[in-house]
Amino acid sequence: MERIGIRQEALSRGSVFRLWIRRYRIWLAGLVLLIGLPFLLSGIFGEPVESGWPRFLQGLLIRVYLMAVYALSYDLLMGYTGILSFGHALFFGGGAYVIGILLKHFQTPLLVALLAVILFALGISGLVGALSLRVRGVYLAMVTLALAQAAFILSEAADFRQYTGAEDGLQGIPVPAWLDPAEHRLRFYYLTLFFILGAYFLARRLVNSPTGRVWAALRENEERAVALGYSPFAFRLLAFMFSGMLAALAGALNALLNKNATPSLLSVNTTIQALLMTLVGGVGTLSGPMFGAGLLELAGYLFNRAFGPLWFLLFGLFYVIVVLAFPHGLAGAWQQARALHRGPSRGSAP
Amino acid sequence: MDAVLELRDVHTFIGSFHILKGVSFAMRAGSLTALLGRNGAGKTTTLRTIMGLWPAAQGSIRFLGEELRGRPTHEIAALGIGYVPEHRAIFRGLTVEENLKLAERRRGDLARRAEWIFSLFPDLKAALKKPAGLLSGGQQQMLAIARALVPENRLLLIDEPSEGLAPMLVEHVMAAIHRLREEVPILLVEQNLHAIRHLADHYILMEDGRVVRSGPMAELLGNREWLQRYLGVTA
């Protein structure tokens with residue numbers, strides 16, 4: 001293979017496979033662990049895999065996976081293109097409402113409804129992007145916030161109660177029996193595991209592609225990227241739409257898990273949740289915000305159980321401590337520790 | 001006249017400041033033209049106005065017959081104008097290879113021109129996987145120029161390539177520019193007259209946002225009075 005003047009030796013298939021295994025061994029071990037986790041939990045608690053603690057913890061993990069994809073989608077915007085959006089809940093909550101309304105009021109088949117969620121997400125994120133990307137920084141944040149708040153108000157409006165359930169939310173979303181998380185929790189667990197893996201690898205592939213390089217260039221210095229011939233609007237819009245699609249799918253699966261879609265999913269708190277998970281995990285790392293989502297979801301649950309009504313206050317303190325201890329997020333701290341362990345950088349300054 | 005680039009009565013404002021006050025000049029094909037003048041004369045503003053980074057309020061900028069005024073910067077670049085801004089404008093967070101790949105206009109641009117680019121800047125070949133921010137100042141400048149060579153540009157605008165470089169590195173960069181002039185017309189902004197005296201075919205002298213003189217480089221170098229008056233240097 002010839003790559004910009006450097007000829008590389010062809011490797012046999014076996015060698016390539018071994019190299020691949022060696023390179024991704026930690027990820028592969030993690031994947032095996034996540035696949036076997038329900039059964040491991042079943043063994044630990046001595047209960048059947050579809051009942052008791054194993055079942056409850058599967059539910060918690062499903063929630064973690066969905067929030068992880070939501071955080072990842074936010075990191076694509078904030079970490080890779082430098083867009084600070086305060087309206088990300090519009091996509092998450094929007095996805096939940098679209099699938100809920102289609103399943104409940106129009107008896108749409110699940111796959112068609114999921115396809116509709118994707119189309120809705122591409123359309124609405126394209127629209128929000130087209131409107132908000134004309135301004136920068138805090139103004140962009142305000143435009144996205146305004147649009148998301150408009151959707152939030154719409155979701156609570158009594159005029160559409162028959163479709164949205166207004167302030168009560170859309171309750172009792174019918175989930176096909178074969179996927180009902182109440183009946184087949186394990187199946188739903190694997191669906192969301194497949195979803196998080198697919199979302200991560202798709203996002204990773206995109207940020208490592210030429211498009212991802214342009215995003216990084218735009219984030220670092222927009223003027224230089226533009227002078228190379230790149231339209232910042234087009235590339236940022238693409239990021240907006242891809243990110244919106246992932247968030248909407250996460251929201252739709254969240255609606256299937258809880259069988260409801262409530263206005264709180266569209267509120268600014270849901271956007272702030274994505275922001276916090278991204279900051280705690282590490283901005284611009286993809287995997288960091290996913291771990292951030294895991295940490296905040298699990299810690300939130302444990303704090304709730306341990307401290308009762310005080311949990312929210314103590315959880316806030318916990319968040320402050322995490323941010324102070326890891327100013328570059330969990331992934332940033334991990335990367336620094338690895339670099340120190342390896343010794344001086346191979347690419348040190350001349 | 002076979003003009004590659006022609007500016008007519010171009011006015012540019014930055015905020016309320018009137019910086020370019022009717023700049024007019026034409027640049028011929030197959031030439032290296034030096035845009036000269038003291039600090040604040042409007043040289044960098046002229047390049048940025050051509051690229052659409054600071055839009056012209058009035059006048060006409062034509063590149064190979066196409067009007068540039070009013071077009072967004074990315075469209076101007078896509079017409080085949082490579083811009084190397086001052087201050088070594090590289091992407092420090094990306095590797096050298098990523099910086100170069102980013103400049104591709106068509107898939108495979110870099111592979112096609114890599115040999116030529118690395119013959120001009122051999123240092124870059126050895127540093128392909130290095131983060132660009134870790135390169136030395138001279139290497140960063142070479143990378144900034146190399147990036148403009150990846151696509152087949154039909155005009156290069158280079159802003160102060162010798163700025164902040166050690167004399168030996170200036171020589172290296174200028175030698176590369178000397179070789180480049182045979183491939184593509186260049187409009188070069190440079191404060192260091194000594195570095196370009198044997199490099200430029202033509203000169204354009206600017207003062208207070210206007211073009212005051214232009215012509216063959218030998219004419220300027222032979223006129224001590226102009227050198228002293230407009231550039232503050234002796235021949």
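Colleague: I'm new to this one. In chain B, how many residues of domain 1 are in contact with domain 2?

Modeller: In this predicted model, 18 residues of domain 1 of chain B touch 14 residues of domain 2 of chain B. Domain 1 is made of two stretches, 1-80 + 154-235, and domain 2 covers 88-152. Between the C-alpha centres of these two domains of chain B there are 23 Å.

Colleague: Next, the nonpolar core. What's the general idea, and which residues have the most contacts inside the largest one?

Modeller: In soluble globular proteins, nonpolar side chains tend to be buried together. Here the largest nonpolar core has 152 residues, and Leu76(A), Leu36(B) and Ile177(B) have the most contacts inside it. Helix α3 of chain A, residues 52-81, gives the largest share of this core, with 18 residues. Domain 1 and domain 2 of chain B both give residues to the core too, so it lies between them. Apart from it there's another core, of 30 residues, including Leu5(B), Phe25(B), Leu47(B) and Ala56(B).

Colleague: Let's zoom in on Leu76(A). Which residues does Leu76(A) touch, leaving aside those up to four places away in sequence?

Modeller: Among them are Ala203(A), Val207(A), Trp215(A), Phe242(A) and Leu286(A).

Colleague: Now helix packing. At what angle do α3(A) and α12(A) pack?

Modeller: Look at the angle first, then at how far apart the axes are. For α3(A) and helix α12 of chain A, residues 268-281, the angle is about 80° and the axes are 9 Å apart. That makes α3(A) roughly perpendicular to α12(A), because angles of 65 to 115 degrees are given that name. On the α3(A) side, the residues that meet α12(A) include Arg63(A), Met67(A), Tyr70(A) and Tyr74(A). Their partners in α12(A) include Thr270(A), Gln273(A), Leu275(A) and Met277(A).

Colleague: And what about α5(A) and α11(A): how do they pack?

Modeller: Those two, residues 110-132 and 232-258 of chain A, pack at about 140°, with their axes 8 Å apart. They're therefore oblique to each other, and their crossing is right-handed. Among the residues that meet there are Leu114(A), Ile118(A) and Gly126(A) from α5(A), and Phe233(A), Phe240(A) and Met245(A) from α11(A).

Colleague: Last one, loops. Where does Pro109(A) lie?

Modeller: In the loop between α4 (89-105) and α5 of chain A. Its relative accessibility of 53% makes Pro109(A) exposed. Then take Gly46(A), in the loop between α2 (25-45) and α3 of chain A. Gly46(A) counts as exposed at 64% relative accessibility. From Gly46(A) to Val320(A) there are 274 residues in sequence and 37 Å in space, C-alpha to C-alpha.

Methods
Residues are numbered from 1 along each chain as its sequence is written. Chains are lettered from A and ligands numbered from 1 in the order in which they are written. This is a predicted model: local features need pLDDT of at least 70, side-chain atom pairs count only at pLDDT 80 or more; totals for chains, interfaces and linings use all residues. Side-chain values use heavy atoms; hydrogens and water are left out. A nonpolar core is a set of buried Ala, Val, Leu, Ile, Met, Phe, Trp, Tyr and Cys residues joined through side-chain atoms within 4.5 Å. Buried means under 20% relative accessible area, exposed over 50%, partly exposed in between (1.4 Å probe, protein chains only). Helices (H or I, at least four residues) and strands (E, at least two) are DSSP runs, numbered from the N terminus. Domain bounds come from an automatic or database domain assignment. Contact means heavy atoms within 4.5 Å. Axes are lines fitted to C-alpha atoms, for helices over the stretch in contact, and angles run from 0 to 180 degrees between N-to-C directions. Angles under 35 degrees count as roughly parallel, over 145 as roughly antiparallel, 65 to 115 as roughly perpendicular and the rest as oblique. A crossing is left-handed if the near helix is turned anticlockwise from the far one by less than a right angle, and right-handed if clockwise.
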